[in-house]
Amino acid sequence: WFSPFGGNHYLSVGWRFEAGAAELGCVPLLIAIAACRALTRCGLEGQGIKWPNDVVHGGRKLGGCIVELQGDAAGPCMAVNGVGLNVRMARGAEAGQAIDQPWCDLREALPNLSRNAAAAALLEEILLALEAFQFHGFEPFRPEWEKLDRLLGSRVELRLPGKTISGTARGISRAGGLRIATATGEQEHFAGEVSVRAVEEGA
């Protein structure tokens with residue numbers, strides 16, 4: 001984390017679900033969709049999602065989402081839905097040394113955006129998405145996810161403890177896992193760090 005004082009947004013929304021944790025695997029994806037909706041309301045175009053929880057713009061990280069669940073496996077569960085968004089990130093050598101991946105902030109595309117307006121849009125879209133998910137599940141959101149999915153069809157590497165899996169991203173499963181087509185068949189994963197590979201010539 002690199003978080004200069006007063007520059008960015010970090011907020012969380014608590015939500016009680018009657019469902020158990022096994023049915024809530026898509027909630028981090030839902031929160032990322034809500035964040036992208038909020039950014040559209042603020043005037044941004046071209047944002048997307050890198051599974052499972054990074055909001056990206058122009059190939060660079062703009063923010064991230066995280067969900068912490070507490071409760072019984074069969075329900076109910078309390079979800080703490082968090083979003084971090086780069087609004088006015090500090091520049092200079094300190095940021096370059098602290099951040100190990102390409103990044104951007106809203107100031108680049110929307111220099112006059114109010115931080116309060118961005119926070120209000122985030123909160124409203126998160127609450128609307130959670131309410132809709134509670135009654136209808138993730139399926140109504142799936143077409144929107146597919147439009148925002150920045151891994152779909154890409155050659156990727158998924159880094160897991162002790163091994164790396166290479167293949168082509170094929171979207172998400174019904175449970176929110178990343179589907180990867182490998183040389184030995186399709187696999188589904190629910191955790192790990194994904195990077196996009198340059199496609200080898202002739203591949």
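Predicted model: local features only at pLDDT ≥ 70, side-chain atom pairs only at ≥ 80, totals over all residues.
Both F138 and F141 are buried, where buried means under 20% relative accessible area, exposed over 50% and partly exposed in between, with a 1.4 Å probe and protein chains only. Residues are numbered from 1 along each chain as its sequence is written, and side-chain values use heavy atoms, with hydrogens and water left out.

Let me stay with the aromatic residues. The structure holds 2 aromatic pairs, a pair being rings of Phe, Tyr or Trp (its six-membered ring) whose centres lie within 6.5 Å, with planes under 30 degrees apart counted as stacked, over 60 as edge-to-face and the rest as tilted. In one of them, the rings of F17 and F133 have centres 5.7 Å apart and planes at 85°, so this pair is edge-to-face. It links distant parts of the chain, since F17 belongs to strand β1 (residues 9-17) and F133 to helix α4 (residues 115-136), 116 residues apart; helices (H or I, at least four residues) and strands (E, at least two) are DSSP runs, numbered from the N terminus. F17 is buried, at a relative accessible area of 3%, and F133 is buried as well, at 7%. For F138 and F141, the ring centres are 6.2 Å apart and the planes stand at 25°, so that pair is stacked.

Next, the sheet. Five strands, or in the order of the sheet β9-β8-β7-β6-β10, form an open sheet of 5 strands with antiparallel pairing, where two strands pair if DSSP finds at least two bridges between them. β9 (185-189) and β10 (193-196) stand at the edges with a single partner strand each, so one side of each is left without a neighbour in the sheet.

Within this part of the chain, β7 (residues 163-172) and β8 (residues 178-182) pair in the antiparallel sense over 3 bridges, and A169 stands opposite I180 in β8. Their hairpin has 5 residues between the strands, and in it G176 takes a positive phi near 95°. On its other pairing, β8 is joined to antiparallel β9 by 5 bridges, with T182 opposite G185 in β9, and the hairpin from β8 to β9 runs through 2 residues.

A cis bond joins W51 and P52, with omega about 0°, and P52 lies in the loop between β2 (47-50) and β3 (54-57). The bond from G75 to P76 is likewise cis, with omega near 0°, and P76 is found in the loop between β4 (60-71) and β5 (77-85).

Finally, confidence. The protein averages a pLDDT of 89, and 90% of the residues score at least 70, pLDDT being the predictor's confidence in each residue, from 0 to 100. Over residues 199-203 the pLDDT is below 50, and beyond near neighbours in sequence this stretch has 1 contact in the model, contact meaning heavy atoms within 4.5 Å.
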